[in-house]
Amino acid sequence: MPEKVIDRQAVGKEAAPQGAAPARRRFREKFGRGALPYLLLLPALLAELLIHLVPMVTGIVMAFKQLTQFFIRDWSSAPWSGLDNFKVALEFNAPVGKALLHSFWVTCMFTVLSVGLSWLIGVTASVFTQDAFRGRGLLRAAFMLPYALPVFAAVITWSFMFQRDTGLINHVLHDQLHLTSDKPFWLIGDNSFWALLTVSVWKSWPFAFLTLTAGLQNIPRELYEAAALDGAGVWQQIRRITLPSLRPVNLVLVLVLFLWTFNDFNTPFVLFGKSAPQAADLISIHIYQSSFITWNFGQGSAMSVLLLLFLLLVTAVYLFATNRRRGDAE
Amino acid sequence: MINPPASFRWLRRIVLLVLAVFTLTPVAVMLSSSLKPLQDVQGPWRWMPSHLTFRPYVDIWKTVPLAKYFTNSLIVAGSATGLSVLIALLAGYAVSRYRFRGKKIFTITVLSTQMFPGILFLLPLFLIFVNIGNSTGIALYGSRGGLILTYLTFSLPFSIWMLAGYLDSIPRDLDEAAAVDGCGPIRTLVQIIVPAALPGIIAVAVYAFMTAWGEVLFASVMTNDQTRTLAVGLQGYATQTDVYWNQVMAASLVVSLPVVAGFLLLQRYLVAGLTAGAVK
C-alpha cells in the first residue's frame, strides 16, 4: 500500500502542533489512494516501454533471425537462424569477425585514453578554479561551452580545422611551427585516431569539470585551514584533502564517462561521415555500417547484443570492485 | 588552497590559459570563418578574414533549406522538451512523495536504460516504426512525431532523477498545508509544488532541449527530406563537391545560438541539477 513519506517525517517531529493530527489524518485519506502513484508513473512507463524496452527485446529476438533486406517489410517472417549471427560475429579468422574485433580494440583504446584525459583535465581545471579570482565566473562559463554547443556544430568545426590543405591544425603544425616535413592527413589513415581522440576529450572534459567543481564545494574550508596550520603545503593539501574527498564523485563520473565514450556515435559520424577510417572505427559506427550498408539487421543486432553484454559485464565488475574497496576502507 | 606559493599561482595561470585556448579555439574558428569570403576558406588557413563580409549569413538560407530544418528542429526539440518535462514531473512527484511497491525497480530500470547503446535501439525501433506504419497507417518513420517520441525518452530518465531529487528538497510542510486547505494531490502539484520547483523544472527543460537539439544518430535514420533536422541538415553544405566552409561555420554559429544562450542564462540551475545526483 502506498504510504506518504510525509507521515513518517511529521511523526518524528516532537514539536508538531496538537491541532495538526486530524488534519494529517484527512491528508492521508485524501492522498493515500493506492493507484495514484502508479497513475503518475504511467506516462513515463509507457514511453520507456515503447521506445526502450520493447525495441530492446525485439533487438535480442532479431539477433537470432536471418533478417536480411528481403524481410524488412515484415520482419517476423524472417527465418530463425539460431546462433548463426553470433557465430559469424565471433569468428575472428573470417572478415566479419576480424573487423568486429579490430573495431572493439580501437574502441577500448579510445575509451581508456579519452576518459583518462577528460578526467585528468577536469580535475586539474576544477582544483585550479577552486579559489576565487577575478574573471573566474567568465572562465568557468568558457570551460562549459563545449558541453553547451550542439555536438554536430562543434564537431563539424573540428573537421574544418583538421582539413589537410585549408585547416588550422596543419597551418600551425607545418607552416608556423615546422614540426612536420609534409602536411599530414588527419581525417583519413592512422592519424584519424588522434583527431577523434582530441575532439572527444574537448567535448567530454567540461562534464568532468562541472561535476568535480560541484564536488569540491562540499569540502569544508576548515579542513584546508587546519592542514595549513599543521604545515601542509599546497600539493599536500590537494593530495591529502581534495583528492580523497572527490572519491565518491569520481566513482559515478568515471562510469558515466566510460559508458558515454564507449557508445559514442555522434562524434565519429560527424567527423568522418558515413565511413569511418579503419584507425577510428568505433564500435557504434561499425555496427551502424554493417547494418545499414548490407541491410543485414540480424547480424547488426547480434553485434549490438554482444556490445550490451560487454557493457553489462564491465559495469557489474566496476560496481562490485568499487563497492568492495569502499567496504574495506570502512 | 591556503597560502599557495608563487610557483603554484604561476602554474595555475599557465594551465588555465592553455585550457582556455584549447576550449575556445573552435569557437574562434567558427566566428572568424563565418565572416570570410569564400576564397579565404578555400586557400591555406588564415586567422582573420581578408575583408569582413556578412554574405555567408545571407547565403546559408539559400544553399540548403536551412529555415525548414530550423523549423523542424524547433518543433521536434520543443515538443520533446514540453512532453518530457511534464511526464518527468508527474513521475518525479510520485517517486519523491509516495512510497509504493516497485519504486526501487522503477528507478533502477529507468536509469539503467541510460547506459544502453543507442545503436541497440536504433535497428529494432526503425523496424517497429516501419511495421507500425505498414499495418496501421500511422506514419512514425520519417515523421516528426516518431522523432519527438524517441527524443522525449532520451531525456526522461535523467529528468525524472533530477526532478525527484529537487522535489525532495522542497519541505513537505508545504504539501501538508495545502492538504489542510483542502487541496487534492493534483492541485497541490500544480499550485504549490510547480512554483516551488521552478528552478529544477527549468534545469530539466534546458537539459531536455539540448539533448533533442544535438542528437544525430536517430535523426539521420528516422527523418526524410521534409522532416530533416539541423543535426543532419547541416551536413548538406559539406557533402556537395565544393564545401562552403564559411557558410558551414555561419550556419553552425546560428544553430548553436539558441542552446548556448539558453545554457549560459540558465547554467546555474542546470549545473546544480545535473550535479545533484552525482554528488549526493
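**Exercises on a predicted two-chain model**

N93(A) is exposed, because 7 other C-beta atoms lie within 10 Å; a residue is exposed at 12 or fewer such atoms, buried at 20 or more, and partly exposed in between, with C-beta atoms placed from the backbone. The model is predicted: local features need pLDDT of at least 70 and side-chain atom pairs count only at pLDDT 80 or more, while totals for chains, interfaces and linings use all residues. Residues are numbered from 1 along each chain as its sequence is written, and chains are lettered from A and ligands numbered from 1 in the order in which they are written.

**Exercise 1.** Locate N93(A) in chain A.

*Solution.* Helices are DSSP runs of H or I with at least four residues, numbered from the N terminus. N93(A) lies in the loop between α4 (84-90) and α5 (95-128). Its C-alpha atom is separated by 29 Å from that of A195(A), 102 residues apart along the chain.

**Exercise 2.** Determine how many residues of α7 (residues 151-161) of chain A are buried.

**Exercise 3.** Describe the side of chain A that touches chain B.

*Solution.* First, contact requires C-beta atoms, placed from the backbone, within 7 Å. Next, 94 residues of chain A are in contact with 86 residues of chain B. Helix α3 (residues 36-62) of chain A gives the most to this side, with 17 residues. Finally, by class, the side has 63 nonpolar, 22 polar and nine charged residues; Asp, Glu, Lys and Arg count as charged, Ala, Val, Leu, Ile, Met, Phe, Trp, Tyr, Cys and Pro as nonpolar, and the others, Gly among them, as polar.

How values were computed. Helices (H or I, at least four residues) and strands (E, at least two) are DSSP runs, numbered from the N terminus. Two residues are in contact if their C-beta atoms, placed from the backbone, lie within 7 Å.
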